[in-house]
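Hi,

Here is the structure I promised to send over. Have a look at it first, and then read my notes below.

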Amino acid sequence: MNAFSLSLSYWTRRPLSTALNVLLLALGIASIVVLVLFGDQVQDNLERDAQGIDAVVGATGSPLQMVLSSVYHLDAPTGNISVESARPIQSHPAVASAIPLALGDSYRGYRIVGTERAYAELYDATLSSGEWWGDTYTVTVGHRVAQNERLAVGDTIFSTHGMGDATAHAHDDAPLTVSGIMAPTGTVIDRLVLTSVETVWAVHDDHGHGGDGDEHSRHGAGHDHEASDDHSHSQNGHDHERSAGHRADQDASPSGAAERPLQAAPPPGVQSDVFDLDREYTALLVQYRSPIAAATFPRFVNNQTDLQAAAPAFETARLTNLLGIGLDMLRAFGILLIVVAALSIFIALYNAMKERRYDLAVLRTLGASRGTLVQFVLLEGFLFAAAGLLMGLGLGHGATEVLASTIQQANQVGITGWLWVSEEWGLVALALGVGLVTALIPAYQAYQTDIADTLARA
Amino acid sequence: MIRLNDVAHRYDEKTVVALPDLQVAQGEHQLVLGLSGSGKSTLLHIVAGVLTPTSGTVVVSGRDMHTLQGAALDRFRGQHIGIVFQQLHLLDTLTVVQNLLMAPYMAGLPQDRRRALALLEQVDLIEKADAYPHTLSAGQKQRAAIARAVMNNPDVLLADEPTASLDDERAGQVLDLLQSQAKAHNATLLIATHDARVKERFSSTYTLSASLATS
């Protein structure tokens, strides 16, 4: 016999009420675990993904939407801006760097971002295989994209217009070649497909949206005999299957790719005149030369241009404030559950001590001291707490993992349940504290038990 | 051995129990007779060290009980005194053999499971070793309680109304068992009862009269 088996044996006396008490405590703890895990990871991700981005400049609209779409790649863009209108931003004295982003296409739900190498450098991204995108129609894919879609260097992928549902318009005639795969960074870049801005433009041009004659003629005149070939394909009733096969075959051979005039993309940051015609960015990620610019630069953009500027830090703070109210409510609910569980455990122990008066007296006659009884009761409280804690942590982490993998957005952001967050130590302390507090009065009852009196009343 | 000299206990202003002097040598069997309220329980509680008398000297197994206090007294009780109650009293949530092992555990002695099983064999309960008390009859419970009381080889074995809830046959078996176990362990046996059936078995009786119980 030992103290554990003795305490546990009392659980078997009232298995249902014991199970209920443990469950109650576990639910309280689990709900807080879920909140803490989500909150912590969302906060971390928000901060990590916005690192080095002082401001986002893009088309006017909701600043929050602009930040969500161009920093976190979670929302639709507010619109596009012309390359010309981006120039004053890029040359503004307060701006150290302005990385252009051209959005609009995706690959199986992963956004394709036309940008510059500086964008990858922003997240300290490195390659795990292959090389960075270079030629038009070459892409470098993020770690999660490569992993989930089993992509390897040299694979061909097809982009889809919009954000990835199966019904979306597919650019089947514009295959993209994977030139490299990035090592995991734990940032938004893991779930992106990066390429040059020119590739995004070219993919759109190649396809020829809905017979826009003006665009096509300019496109045809500007360059690319092959693209005009595609043009004719699309006019022949959008024969995607045939043209896709045709292009994929060409692409498989290096010479096929080399034939493309567009492969001679200009170095990042330098825009050749050829590409300037009616070219658009979706947003610019701006890094200031000095923090002082935060006061003046957004005002300049918002007042002097048709564009808008927004600070990711400010917008996400606004977002988390809005969410915070809901989270606080949930947290309060979790704490309420724990308080109710504590009361319930206290009542269970308190009544148990009354019921066990005679047992306690017998233990004393067998040689147990008052202190021994106190230890037993405290241990019992701790066992309740520990069982509730373990079950709660298990439930909380499991539920977070299940929730995160069911909610597509959370899954994309990379939230996991298999993570230990430092706030959870607070929960451990809280649960053990509950065990101690609930057992204190019952322990005192046990301490006070008068053996002779109890035996005499039996 | 047990020795009481000038022992009296004052419960409150009105109730004072004075006990006649008593001396029981090691290994002797002593019957304490008396009606309810005559001070039987007071006597047993004082000998067991769960009640400290207001005055007088109590010596159990060569030890003056006044010199022991708190945890030391509890440990002394656990190691040297075995107690059998009128109402069982086994712990419901533990099996019979676990109940027996509680005696050495609470007394801070090594838990010898083989000895527990051997004792259950002696009291004819070996097949109930892993059963829970609620599945036992009153007589079986009392036998299990006796086995637990002698688990630690006590110097003194106290029994409070051990036959009260039993029929003649069972009562006889329980008394046989108490006496044989006390003999086997050379323990001083003190049985308190008002059961007349017990009386004929004992040569030496110590009678508490009701008049002593109040002042």
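Before the notes, one term: two residues are in contact if their C-beta atoms, placed from the backbone, lie within 7 Å. Also keep in mind that this is a predicted model.

Let's start where the two chains meet. The contact takes 21 residues from chain A and 28 residues from chain B. On the chain B side, helix 1 (40-48), helix 2 (70-80) and helix 3 (96-107) each supply at least two residues. Sorted by class, that side of chain B has 13 nonpolar, 11 polar and 4 charged residues.

Next, the sheet in chain B. Its 5 strands form an open sheet in the order 7-8-9-4-10, with parallel pairing. Strand 7 (81-84) and strand 10 (205-207) of chain B each have a single partner strand, so one side of each is left without a neighbour in the sheet. On average, neighbouring strands are turned by 20° against each other, direction ignored.

Now back to helix 1 of chain B. This helix lies across strand 4 (29-33), strand 7, strand 8 and strand 9 of chain B, and runs at about 155° to strand 8. Is helix 1 of chain B largely enclosed or exposed? 9 of its 9 residues are buried, so helix 1 is largely enclosed by the rest of the structure. Among the buried residues are B:Lys40 and B:His45. After helix 1 of chain B comes B:Gly49, with a positive phi near 80°.

Cheers

Notes
Residues numbered from 1 in each chain as written. Chains lettered and ligands numbered in written order. Predicted model: local features only at pLDDT ≥ 70, side-chain atom pairs only at ≥ 80, totals over all residues. Helix = DSSP H or I, 4+ residues; strand = E, 2+ residues; numbered from the N terminus. Nonpolar A, V, L, I, M, F, W, Y, C, P; charged D, E, K, R; others polar. Pairing = 2+ DSSP bridges. Axes fitted to C-alpha atoms, helices over the stretch in contact; angles between N-to-C directions. Buried ≥ 20, exposed ≤ 12 C-beta atoms within 10 Å, placed from the backbone.
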